[in-house]
Amino acid sequence: LWPKIRYSMRRRPGIKCRFWGRSLCKAASVLGCLATSCCLYRGHARRHALWTRPGFCTGVAPGLTRSRSVQPRDINHCIVRAAHVTKSTADDAKACTLSPTEPSLLELLRVVIGTFGLYIASPVLSLADCSFVGRLSGTAQLAALGPGTSICDSSTYVLSCMAVATTSLYANTRARGQFFALQRVISDTLGMGLMAGVVHGFAIWQVAPCALRLLGVERAVFGPALAYTQVRAFGAPLAILTLVAQAVCLAERDATTPVVAVMISATINLFGDALLVPRYGAAGAALATVVAQGFGVIFLLQVLRRRQLEIAACSDVGPLGVAVRATPCLITAPLAGIRRRFLAVALPSSVAFVGKIIFMNSLTVAAAGLGTVALAAHQVSFMLFLFFCRAGDALGAAAQAFLPSTLSQKGDGAPTRRLLWRLTRFSFGWGLLNAGAAGLLPMFLGELFTRDQAVRAAVLGVAPLMGFGLLLHCTTLMLEGVLLASGRGPWLAKVYWFNSVVFVSGLVFASRFSPGLSLVWGAMVAFQVFRLSEFSTRVWADHWGHTQR
C-alpha cells in the first residue's frame, strides 16, 4: 500500500496535504481515546473532581443547596452521594459523613490535647532511653546518645514537613467530599513516606561517620555513637511512615488512634530497653526504639486499611458508571498530580523548618559565649521551652484539620472567620495555661534540673521571658497552621528565611554591647512578636481584607 501512496503523491501533489491532514486527525482521535480511557481508570483527585462532588448524579444531597454550597446548620447530617449510590450499610455510611465545619470547644480541646500528648511522646521516650543507658551501661554509652539522637531527630524533624503536607492534602480532599480520590490520597502519601524514609535511612547510614567527626565526638564515644546512629537508620522508614499515618488520622480529626499507637510503642520501648540495654548499651536502646516503631506502624496501618475500605464502600462506582476496585492497595506509587500537590506544601514547609532550626541554634551559640553558668541555665530553659512549645504545634495541626471544611464553602467566608476567631480565643487560653506551667515549674521544682543555686537563679531570671514567649508561640503556631491550610506555604518559607537572617545578624551585633542571658531570651521573645505580627497581618488580609474592599 505504501508504494502506491508515494506514487500518488508524486503524480498529484495535492494528495500529500490531504493525506497528512487526515492522518493527523486520525492520530489525534486515537490519542484522545487513549487519554480518555486513562482518565477513566486512574484515581486522580483533579480528574475525578466532577463525579466525586457531593450529590453528583443523585439529585441534591442533604445539607447542600442547588448551587452545591454547604449549609452550615445541616452539615452535621450531610451524607454524600457515595452512600446513596453504593447503598452502603449504616456503618459504611458513617464513613461517608462530612464532619461539622465549625468544631465545638469540647471537640477542639479533645483534638489539641490528643495531639499535644502525641508530640511530647518522643521527648519522654528519649528521657527513658537516657535513664536506662545511664544506669545500666555507663558514662561512655550515655554520652553516645547525645550526638546520635541529635543526628537522627534533627533530620526527622526536617522531614516532618511530609506530615504537614499529608494533613493539608487529606483534609482538603475530604472537605470537598471527594471520597473516590481520598483512597488514593492515603495510599500515595504512604508510598511517598516510605520512599522518603528509605532515602533518609540510607543518607543517615552513609553520613553518620562524617557527621560524628564534625561534631567533635571523642574516640571513646565514637564507636557507641556510630552504632546507635546506624541502628536508628534502619528505623527511618518506620519513623516517616508513622508521621504520615498520624497526619492522616489528625486530618480525620481523630487524635485517639495516634495516642494509642504511641502508648503501644512506649510500652514496647520500655520492655526493649530493659532487655537490650544491659547487653548492647546504646545500640540496644536504638534497637528497642526501632522495634517499638515497627509495632506502632503495624497498628496505624491496620487502622488506615480499615478506614480505606470504609471509604471505598462510599465510591465503588467510578466515572460514567464504571466499577472500580473495591479493595485498593494500602501503599502505592504516587500519581503525578497528587505528587505535585504534595510537594507544593512539603517543600516550602521544609524550608521554613530549616529557618526555625537556624534561629534556635543561634540562641544556643550566643549563650555558649556567656560562661558555664549561663550556658547551663540556657540549656535547662531551652529544654523546657522545646517541651512546652509542642502545645503550639498541636494548635497548628488542629487548624490544618478544621479549616479546610470551611474554606471549601462558597459564599462570603463567614464560617471561616467565625472559626478563626474561635481558634484565636482558644489559643490565647491554651497559651496562658502553657506559659503558666512552664514558668512555675522551675520555681517550685527547680531541683529536678540542677542543684547549683547560681544556675537556678539564672533560670528563674529568664523564666518570665520564656513564659511570655510560649504565650505568643501558641497563637503564632495556630496562625501558621491557618496559613498552611490556606496554601501560603511559599510565603511562609520566604518570611522564615528573612526573619532568620535579620534576627541572627541582630543577635550577633547586639551581643557585642549588652552580653547576658536576658538578651538571648529577649531576642526569642522579639522573634515571636515579629512572627505574630506578620502572620496576623497576612491572615487578616486573606480573610477580612476582601470584605472591607
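Modeller: Before we count anything, a helix here is a DSSP run of H or I at least four residues long, a strand is a run of E of at least two, and numbering starts at the N terminus. Keep in mind, too, that this is a predicted model.

Biologist: Fine. How many helices and strands are in the protein chain?

Modeller: By that rule, the protein chain has 21 helices and 0 strands.

Biologist: And how do I read burial? What share of the 549 residues is buried?

Modeller: The idea is a cut-off: buried means under 20% relative accessible area, exposed means over 50%, and partly exposed is in between. In this chain, 49% of the 549 residues come out as buried.

Biologist: What about contacts along the chain: what percentage join residues at least 24 apart?

Modeller: Look at contacts between residues at least 6 apart in sequence; of those, 80% join residues at least 24 apart. Ala344 and Ala165 give you a pair to look at: 179 residues separate them in sequence, yet their C-alpha atoms are 8.2 Å apart. Ala344 sits in helix H14, residues 336-368.

Biologist: Is Ala344 buried, partly exposed or exposed?

Modeller: Its relative accessibility is 45%, so Ala344 counts as partly exposed.

Biologist: Now helix pairs. How do I read the angle between H17 and H18?

Modeller: The general idea is that angles over 145 degrees count as roughly antiparallel, those under 35 as roughly parallel, and 65 to 115 as roughly perpendicular, with the rest oblique. Helix H17 (residues 414-444) and helix H18 (residues 453-485) have axes that come within 8 Å and cross at roughly 160°. That is why H17 is roughly antiparallel to H18. Their crossing is right-handed, and the contact residues split into 18 nonpolar, 7 polar and 1 charged.

Biologist: Let me try another pair. At what angle do H7 and H9 cross?

Modeller: Roughly 140°, for helix H7 (residues 139-158) and helix H9 (residues 179-214), whose axes come within 11 Å. H7 and H9 are therefore oblique to each other, and their crossing is right-handed.

Biologist: Which residues meet there?

Modeller: From H7 come Pro147, Ile151, Cys152, Ser155 and Thr156, facing His200, Ile204, Ala211 and Leu212 of H9. By class, that contact has 6 nonpolar, 3 polar and no charged residues.

Biologist: How does H9 pack with H10?

Modeller: H9 and helix H10 (residues 219-234) pack at about 165°, with axes 8 Å apart. That angle makes H9 roughly antiparallel to H10, with a right-handed crossing. On the H9 side, the contact residues include Gly201, Trp205 and Arg213, while those of H10 include Phe222, Gln230 and Phe234. By class, the contact of H9 with H10 has 10 nonpolar, 3 polar and 1 charged residues.

Biologist: Let's go down to single residues. Where does the side chain of Thr189 reach?

Modeller: Thr189, in helix H9, has its side chain 2.7 Å from the backbone oxygen of Val185. With 0% relative accessibility, Thr189 counts as buried. Leaving out residues up to four places away in sequence, Thr189 touches Thr166, Leu169, Val244, Val248 and Phe342.

Biologist: What does the side chain of Gln528 make a polar contact with?

Modeller: The side chain of Arg531, at 2.6 Å. Gln528 is in helix H20, residues 517-543, and its 0% relative accessibility makes it buried. Not counting residues up to four places away in sequence, Gln528 touches Phe385, Gly469, Leu472, His473 and Thr476.

Biologist: And Val262: buried or exposed?

Modeller: At 16% relative accessibility, Val262 counts as buried. Val262 lies in helix H12 and touches Leu118, Ala121 and Gln246, again not counting residues up to four places away in sequence.

Biologist: Last one, backbone angles. What is phi of Arg253 near?

Modeller: Near 60°, a positive value in a residue other than glycine. Arg253 is in the loop between helix H11 (236-251) and helix H12 (256-280). Its relative accessible area is 7%, so Arg253 is buried.

Key. Residues numbered from 1 in each chain as written. Predicted model: local features only at pLDDT ≥ 70, side-chain atom pairs only at ≥ 80, totals over all residues. Heavy atoms only, no water. Buried < 20%, exposed > 50% of the residue type's maximum accessible area, 1.4 Å probe, protein only. Polar contact = N/O pair within 3.5 Å; in protein donor to acceptor, adjacent residues only side chain to side chain. Contact = heavy atoms within 4.5 Å. Axes fitted to C-alpha atoms, helices over the stretch in contact; angles between N-to-C directions. Left-handed = near helix turned anticlockwise from the far one by under 90°. Nonpolar A, V, L, I, M, F, W, Y, C, P; charged D, E, K, R; others polar.
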